[in-house]
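Here are a few exercises to work through with the model open. Try each task before you read its solution.

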Amino acid sequence: MGRKNRTRQRAQPNRDGRPEGKRNRDDGWGAGYSEIIKENKLFEHYYTELKIVPEGEFEEFMEAMREPLPATIRITGYKSHAKEILHTLKEKYFKEVQDLEVDGQKIEAPQPLSWYPDELAWHTNLSRKILRKSPLLEKFHQFLVSETESGNISRQEAVSMIPPLLMKIEPQHKILDMCAAPGSKTAQLIEMLHSDMDIPFPEGFVIANDVDNKRCYLLVHQAKRLNSPCIMVVNHDASSIPRLHFDQDGKKDILFYDRILCDIRIAVRGVEQLAVGGRMVYSTCSLNPIEDEAVIAALLEKSEGALELADASADLPGLKYMPGITSWKVMTKEGQWFSDWSEVPTSRHTQIRPTMFPPTDPEKLANMKLERCMRILPHHQNTGGFFVAVLVKKAPMPWNRRHPKGETPAEGNPSVPDTPDPSEVKKDHVCGFSSVTELHIDMKCSVCSSPPPPKKMKLFGFKEDPFVFLTEDDPIFPPIQAFYDLSPDFPKLNVLTRTREGKKRNLYMVSKELRNVLLNNSERMKVINTGVKVWSRNNDGEQFGCAFRLAQEGIYTLCPYIRARIINISVEDVKVLLTQENPFLSKLGDDAHTQAKKLEMGSIVLRYLPDPQDLDAPQCPIDLCGWRGKTSIRAFVSRNECLHYLRMVGVEVFRDKQGKRNDGSTETEEESTEDAEGLSQEADLLEQEGEETEQNANGTEPVSSTCDGPTS
């Protein structure tokens, strides 16, 4: 099902004849659908018979299914600005919308999701239509849109936030998101890798995959907002995603992932690529046990003890869920029931498979501990329906324990070929599945299908520019090193460009581990995007000693290595730099003015450090890219980031429907916004409404607000 209609109740049974019910929702900030009939007797009959809803709650369950989902937002947790955004939301916007009435509808105050850590996720009954009814709500809408575009807020369905939280991500983990688009869960994974902002390059990384080439660019756009050097977007069919190699201790090894996020079609391939000791979170937006417990039971049975269900009951305090079930039946689209495989007529064997039924051996069933699965029902906490299970890998999968002659497994984490030795493959699949449909889903058996003869990988969709790593002695580095006084531990080998010939326009950085993956797998995978931009070519800069200016996207990655061309600024300086088009140096405070006069022309870092004694000022550091001209100074910041930082220092520029700017209520705002021509020209947020476009996703240069380029 498509993302936009996946939570809506469907009037027709799904692909194998089973009725399926999803919850209706208002997508985004209120994108509407044509009225649909929210009645399905077959659906009600099916779930009544299965008894997945506690006795006496079925009507409440059905009523919740018919209602739109609340809008939910998540504040990105890895950025040090998260607490500032939360403070702004709670103290300003939430208070403004509380107790308002729009067209007779009372606006409920947004509430935090009780199970999400640190109050970083909230839900509200506001929709886009309601947001536009009142100037105060429209202001809130513009805030949500611009902060979403800046990567500081994510609009995400509540239940989809659950799987990343159950993965227990640590900064050193290698993570695979197998069906990642549109990218909201991927963003959570990236945030968790960067939980310690003092570490610019965590040892871990996220490889985010999607089979749809166009959706990969939406995924890129979502990931780019977080400006991480530890994310790679690839384009493969997840059921046959290639096994990757990497260098470890001077020899080539196979890459196994510490954490994997997957859904229904790709569970087998997922557990194959999971490291021993790793966790794989399997989730669906279905309540149907045939897509849920039946898949988990089949995996556990065929793993022969290599997998076990983890008990995640204590991981999210406050989350209400029902334990997994151990008994269920199968129903056809005509309403015919089967309690056991033996009852299924031969004519239906291609649609109904043995693994759709619960295991018949009571001891085996008890050992699976299916009750450790978690089913979230819509009426318990006003969410969509959801199922999630956490699998831990205790040993290699049984069909991966064979090794080609002369090859020995690595200690604790076997190096396994993509397929077993052909001489060992008999009539039955070595993985234990007697047919492709044994897992009752349409997928290939990635273990047993023989690979085709080696040939060049076919590329579909857009042809990507190459990823070319620079060498340590590249002539680009000496002027950069001297101009910014880079520290000796700056990782030059992690710098790459997207062209083999001609002048290099932009320089990007990836983590050491992603560099390792890229260099060892260029012919095995299609990489859509990786790296964070850290420098952009500016030919005017050559006369000042360096042809590359700093890029705001990579400022937090670069800053730990930059030891020169830094100007420490105050809150008032931030206001001047972000609201005046091209202020003279004298507009800065005395301290910043003195520092600026000592620097030659060219690219600079403008750094605000919090004062713990001044609690009215932002309590997080701010680094801005800038340009020191002959007599003036300016910041290079995209329009939405500009609005974000202005809000942090108490300034808000709001545009009404006539395009006029309405100033906020802070004492200093009138003075600080008098020269904000760039903001008034660029900040048409309503026109954007946060939509993700392929143009943006493909790396288009962000439009600056008051900072369009270097000036002298």
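**Exercise 1. Find which residues of helix 1 and helix 2 meet, then describe how the two helices pack.**

Start with the contacts (heavy atoms within 4.5 Å): Phe 43, Glu 44, Tyr 47 and Thr 48 of helix 1 meet Phe 58, Phe 61, Met 62, Met 65 and Arg 66 of helix 2. A word on the source: this is a predicted model, where local features need pLDDT of at least 70 and side-chain atom pairs count only at pLDDT 80 or more, while totals for chains, interfaces and linings use all residues. Residues are numbered from 1 along each chain as its sequence is written, and side-chain values use heavy atoms, with hydrogens and water left out.

Next, the geometry. Helix 1 (residues 41-50) packs on helix 2 (residues 58-66) at an angle of about 135°, and their axes are 12 Å apart. Axes here are lines fitted to C-alpha atoms, for helices over the stretch in contact, with angles from 0 to 180 degrees between N-to-C directions. So helix 1 is oblique to helix 2; angles under 35 degrees would be roughly parallel, over 145 roughly antiparallel, 65 to 115 roughly perpendicular, and the rest are oblique.

**Exercise 2. Work out the strand order of the open four-stranded sheet, and what packs on the sheet.**

The order is 4-5-1-6, with antiparallel pairing (a pair needs at least two DSSP bridges). Strand 4 (111-112) and strand 6 (153-155) are at the edges with a single partner strand each, so one side of each has no neighbour in the sheet. Further in, four bridges join strand 1 (residues 71-75) to strand 5 (residues 121-124); one to look at pairs Ile 73 with Trp 122. Helix 3 (residues 82-97) packs on the sheet, touching strand 1, strand 5 and strand 6, and its direction makes about 140° with that of strand 1.

**Exercise 3. Decide which residues of helix 13 are buried and where they sit around the helix.**

First, list the buried ones (under 20% relative accessible area; exposed is over 50%, partly exposed in between, with a 1.4 Å probe and protein chains only): Phe 477, Ile 480, Phe 483 and Tyr 484. Down the axis they fall within an arc of 140°, so they line one face of helix 13. The arc is taken from the directions from the helix axis to the C-beta atoms. On the other side, Pro 478 and Ala 482 are exposed.

Finally, look at the cover, which includes strand 21, strand 22, strand 24, strand 25 and strand 27. Gly 545, in the loop between strand 24 and strand 25, touches Pro 479 and Phe 483.

Methods. Lists of a residue's contacts leave out its neighbours within four places in sequence.
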